[in-house]
Amino acid sequence: MVQIEKMPQEFEDARAVLQKIEDAGFDAFFVGGSVRDTLLNKPIHDVDIASSAYPAEIKHIFKKTVDTGIEHGTVMVIHDGEGYEVTTFRTESGYQDFRRPDQVTFVRSLKEDLMRRDFTINAFALKEDRTVIDIFDGLSDLEHKIIRAVGDPHERFHEDALRMMRAVRFASQLDFKIEAKTLKAIEENNMLLGKISVERILVEFEKMMLGSKPNRGLEDMLTTKLNEYCPGFKDRSKELYQLTKYPLELLENPEQVWTMIAWSLKLTPQEVMPFLKQWKTSNDLIKNVSATLQVLSMDKNDQNERLALFNAGEANVVNAVRVAQILGMNREAWLDTYQNLQIKDTHEMAITGKELIQKGIIKPGPQMGQVLNRLKLMVINDELKNESLALLNAVNKLQKDD
Ligand code: ATP
Ligand code: MG
């Protein structure tokens, strides 16, 4: 019998919830990724509780509850101002569409609940007294750093094809090896990923790329050809393999991930938008990746460098510097140049169109925009001081020249 020496604080805080369920005569355990992460001495994020009590019984035991997903058996229990999701043990059956069970059945047996989970390292249960329940030898797999499907991998990937992406995601996050039979089953069932919504694939893909060993996850994804069933990745294995030669563990956020991908697929800034639309990323992300890619595509000492940096904005300049670093190019100077720009935003111009009109220098009309734009460009390029007198003189000069 294995016992955890010290429970993380998050579990300590939730122990009373388990105790209360047990006092009412039911079983209750911590389950899921937080038990795995505790055993790996990693910090935990979400506390998942599984119980033999049915939702109605949980609601009877606790004064304060919220129905968060009662049809799946989940009730949120409020304890000490904190919300805890308690999910009734359940089995799943059907899966005609390779992605969601046709039927969820509540059961009283922990074992049946653990059997429906994806990998042995995700199928532990932890009792309130710190005892670990390990039915599928997950502890041995943890020790040997192995990702192994619970039961028959073929069946498991047929039930839910997203699990194949989860496997490569965990390979990256944990730096684990996917066990041979599990890996083979991914390769043989890769086409089932086509049944899964892009949104769910996106979540796993980004987690993989931002894990501690993205090269490992990406390589697994490519050897099993999961990429063939991802938007825009079909027939691009060669380019994606090139990616694994770079220190991808330096990627810090989704913007950098997608800039790196777009770069390796040699997408032009115009091609980035339709590509990312297929992946259903947010419009903000598309905007930022396009801007970062614009910066990244500049030659050293490009004459439009200052304008490109201004247009990108600080966060995207930082992202471009980091992606350049991963690609083996030193572009730290972009950040210095950006920080020394006289203006970071058009609103910081020391003169406005309104003032120019009030002073009778320019009449309202299309010319106004052009003049202001030229002034802005000169300020960005440090050809002009961003001070009202200097700007006014420059306007007069521009008008005389025209
Ligand atoms: P993370 O650290 O990213 O939260 P996790 O393992 O907790 O990882 P979750 O998506 O939060 O992953 O799911 C919680 C648990 O539910 C998993 O540990 C696993 O036992 C089970 N689970 C989640 N998704 C699936 C799935 N698609 N198939 C089978 N079991 C799953
Ligand atoms: Mg989790």
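Which residues are buried in H12? They are Glu 255, Gln 256, Val 257, Trp 258, Thr 259, Met 260, Ile 261, Ala 262 and Ser 264. Here, buried means under 20% relative accessible area, exposed means over 50%, and partly exposed is in between, using a 1.4 Å probe and protein chains only. Helices are DSSP runs (H or I, at least four residues), strands are runs of E with at least two, and both are numbered from the N terminus.

Some ground rules first. This is a predicted model, where local features need pLDDT of at least 70 and side-chain atom pairs count only at pLDDT 80 or more, while totals for chains, interfaces and linings use all residues. Residues are numbered from 1 along each chain as its sequence is written, chains are lettered from A and ligands numbered from 1 in the order in which they are written, and side-chain values use heavy atoms, leaving out hydrogens and water.

**Helix H12 and its surroundings**

Because 9 of the 11 residues of H12 are buried, this helix is largely enclosed by the rest of the structure. Its buried residues pack against helix H9 (198–209), H11, H13, H14 and helix H16 (314–326); contact means heavy atoms within 4.5 Å. After H12 comes Lys 266, with a positive phi near 55 degrees.

**The aromatic rings**

There are 11 aromatic pairs in the structure. Rings of Phe, Tyr and Trp (its six-membered ring) pair if their centres lie within 6.5 Å; planes under 30 degrees apart count as stacked, over 60 as edge-to-face and the rest as tilted.

| Pair | Centre distance | Plane angle | Type |
|---|---|---|---|
| Phe 233 and Trp 279 | 5.3 Å | 55 degrees | tilted |
| Trp 258 and Trp 279 | 5.0 Å | 55 degrees | tilted |

The pair of Phe 233 and Trp 279 links distant parts of the chain, 46 residues apart. Phe 233 is in the loop between helix H10 (214–223) and helix H11 (237–243), and Trp 279 is in the loop between helix H13 (269–278) and helix H14 (283–296). Trp 258 lies in helix H12 (residues 254–264), so its pair with Trp 279 ties together parts that are 21 residues apart in sequence. Trp 258 counts as buried at 0% relative accessibility, and Trp 279 is likewise buried at 0%. Phe 205, Phe 233, Trp 258, Phe 275 and Trp 279 form one aromatic cluster.

**Around ligand 1**

Of the 16 residues around ligand 1, Arg 36, Asn 122, Asp 160, Arg 163 and Arg 169 come nearest; a residue is near if one of its heavy atoms lies within 4 Å. Asp 160 has a polar side-chain atom 2.9 Å from a nitrogen atom of the ligand. The side chain of Arg 117 has an N or O atom 3.1 Å from an oxygen atom of ligand 1.

Thr 224 lies in the loop between H10 and H11 and is buried at 0% relative accessibility. Its side chain reaches the backbone oxygen of Asp 220 at 2.7 Å. Asp 37, found in helix H2 (residues 33–39), is buried with a relative accessible area of 6%.

Terms used: Polar contact = N/O pair within 3.5 Å; in protein donor to acceptor, adjacent residues only side chain to side chain.
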